[in-house]
Amino acid sequence: MNVSIITVFNQFETEGRFDHAYPFGTGHINDTYLVKTFETHAPNYILQRINHFIFPNVPALMNNVVLVTEHIQKKLRACAQSNLERHCLTLIVSQHKQPYVQDAEGYYWACYLYIDGSKSHDLVVNDKQAYEGGKMVGRFLDLLNDFPPILLHETLPAFHDVESRLNRFTQTLLENSFDRIKNCSDEIAFVHAHADEMQFILRLGKEGKIPLRITHNDTKFNNILLDEQDNGLCVIDLDTVMPGYIHYDLSDAIRTVANTAAEDEKELQKIDFNIDLFTAFSRGFVGEVKHTLTALESESLASSIPLMPFLMGLRFLTDYLAGDVYYKIHFPEHNLQRARAQFQFIRCIQRKMPEIDSILRKIIE
Ligand code: ADP
Ligand code: GN1
Ligand code: MG
């Protein structure tokens, strides 16, 4: 990167002078930096270079973030939420009053207030974290329940459309451009064996049996901020807020919350489904959205738990076969390892399905 962080930072309407910046977080798509300001009284900032090779229309994406954060802030103000800037992302505008800055290389940058004392966890270690995280995701959906979907640009069309992801997978298999099929025949067989059942939610949606809502669509646990005492603060990473089914956000969160190992765990025997963390998250989540759930949404929640691990495994595997063009990887077979870990997690879910189903039923009752 030839563009200097300080040059970009100085184009935003921030308080305090740039002191230093360093890469922050473990995201797979954008480049995120924490910018520390010189003055102790001034806030610190998150500066993010958005991957426009993945998000084709960044101005429209940023307009979504403006609309969504304004909507949430307005509702939080109406219910007299204190410390508003800790409970919703605060976008910083540029000196030209735009929600982004474009650098000399054509990259777009966004800037947010850094929420002081916040923590983002790749792994969940106790029930309180899980419960608070569930509350944050549920509250986010509830706050957006009255947001007009027509106002939102679809940043990544068919993002969670499993049928279209399967079609792309088939195409990639046919091309086999990197001659990698031979390395992953078990994983390919896993996809084929589960492809039909994983389209259950999409079918309900296409038949108009469950409502399209505004969903976050990337609710892995590190996109939820907690404070130092593990109280929930807010949901972040709003790049993919679009219409979707509520199942997507529950299933994607459980994918990371209830997993006893990392998303890309190499040693598959370390992967298990933690029922207590699942229960705690679901309690927090359902408590916030219960009043809007339709009967069929409630009934179908449990069956959707394997969906997002499947979709992510499928996407990782497709990216592996296509030559690692989408996700950042840290070693040659990283995407394959990620896919294997997701599929292993599905096996763990399947073993505990009766328990998962009965717990969700009790929570929803
Ligand atoms: P990515 O799209 O790369 O995942 P995120 O928006 O999730 O980017 O940001 C990456 C990480 O930066 C988050 O997981 C979190 O740790 C941290 N982060 C992002 N925004 C904030 C914020 N406003 N305050 C505190 N930490 C933040
Ligand atoms: C990506 O950017 P990040 O790391 O929050 C991806 C999500 C996947 C996730 C898997 C735009 O999210 O869909 O669930 O990796 N985001 C995009 O960890 O593709
Ligand atoms: Mg993120």
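Trainee: Which atom of ligand 1 does the side chain of Asn30 face, and at what distance?

Mentor: An oxygen atom of ligand 1. An N or O atom of the Asn30 side chain is 3.2 Å from that oxygen. Keep in mind that this is a predicted model.

Trainee: How much of ligand 1 does the protein bury?

Mentor: 94%. Ligand 1 taken alone exposes 550 Å². The space that ligand 1 takes is the largest pocket.

Trainee: How many residues surround ligand 1, and which are closest?

Mentor: There are 19 around ligand 1. The closest are Gln48, Leu113, Ile115, Asn223 and Asp237.

Trainee: Switching to the metal. Which residues are the protein donors of the magnesium ion?

Mentor: Asn223, through OD1, and Asp237, through OD. They lie 2.2 Å from the magnesium ion, which is ligand 3.

Trainee: Is Asn223 buried or exposed?

Mentor: Buried. Its relative accessibility is 5%. Asp237 is partly exposed, with a relative accessible area of 23%.

Trainee: What's the backbone doing at Asp237?

Mentor: Its phi is near 60°. That is a positive value in a residue other than glycine.

Trainee: Which other residue has a positive phi although it is not a glycine?

Mentor: Asp324, with a phi of about 60°. Asp324 lies in the loop between α11 and α12 (334-351). Asp324 is buried, at 17% relative accessible area.

Trainee: On to ligand 2. How far are its oxygen atoms from the side chains of Lys220, Asn223 and Asp237?

Mentor: For Lys220, an N or O atom of the side chain is 2.7 Å from a ligand 2 oxygen. For Asp237, a polar side-chain atom lies 3.0 Å from an oxygen atom of ligand 2. For Asn223, the distance from a polar side-chain atom to a ligand 2 oxygen is 3.5 Å.

Trainee: And how much of ligand 2 is buried by the protein?

Mentor: 98% of the 440 Å² that ligand 2 exposes when taken alone. Ligand 2 also takes space in the largest pocket.

Trainee: Which residues come nearest to ligand 2?

Mentor: His28, Lys220, Glu263, Arg315 and Tyr326, out of 17 around ligand 2.

Trainee: Which element gives the largest share of that shell?

Mentor: Helix α11, residues 307-321. It supplies 3 residues of the shell around ligand 2.

Trainee: Last one. Where is Ala189?

Mentor: In helix α6, residues 185-194. Ala189 is partly exposed, with a relative accessible area of 42%.

Trainee: How far is Ala189 from Ile275, in sequence and in space?

Mentor: They are 86 residues apart in sequence. In space, C-alpha to C-alpha, Ala189 and Ile275 are 28 Å apart.

Terms used
Residues numbered from 1 in each chain as written. Chains lettered and ligands numbered in written order. Predicted model: local features only at pLDDT ≥ 70, side-chain atom pairs only at ≥ 80, totals over all residues. Heavy atoms only, no water. Donors = N, O, S within 2.8 Å, 3.2 Å for Na, K, Ca; no water. Buried < 20%, exposed > 50% of the residue type's maximum accessible area, 1.4 Å probe, protein only. Near = heavy atom within 4 Å. Polar contact = N/O pair within 3.5 Å; in protein donor to acceptor, adjacent residues only side chain to side chain. Areas by Shrake-Rupley, 256 points an atom, 1.4 Å probe, with all protein chains shown as cover. 1 Å grid on protein atoms, 1.4 Å probe; cavity = no way out; pocket = protein on both sides within 12 Å on 5 of 7 lines; lining within 4 Å. Sits in = over half its atoms within 2 Å of the grid points. Helix = DSSP H or I, 4+ residues; strand = E, 2+ residues; numbered from the N terminus.
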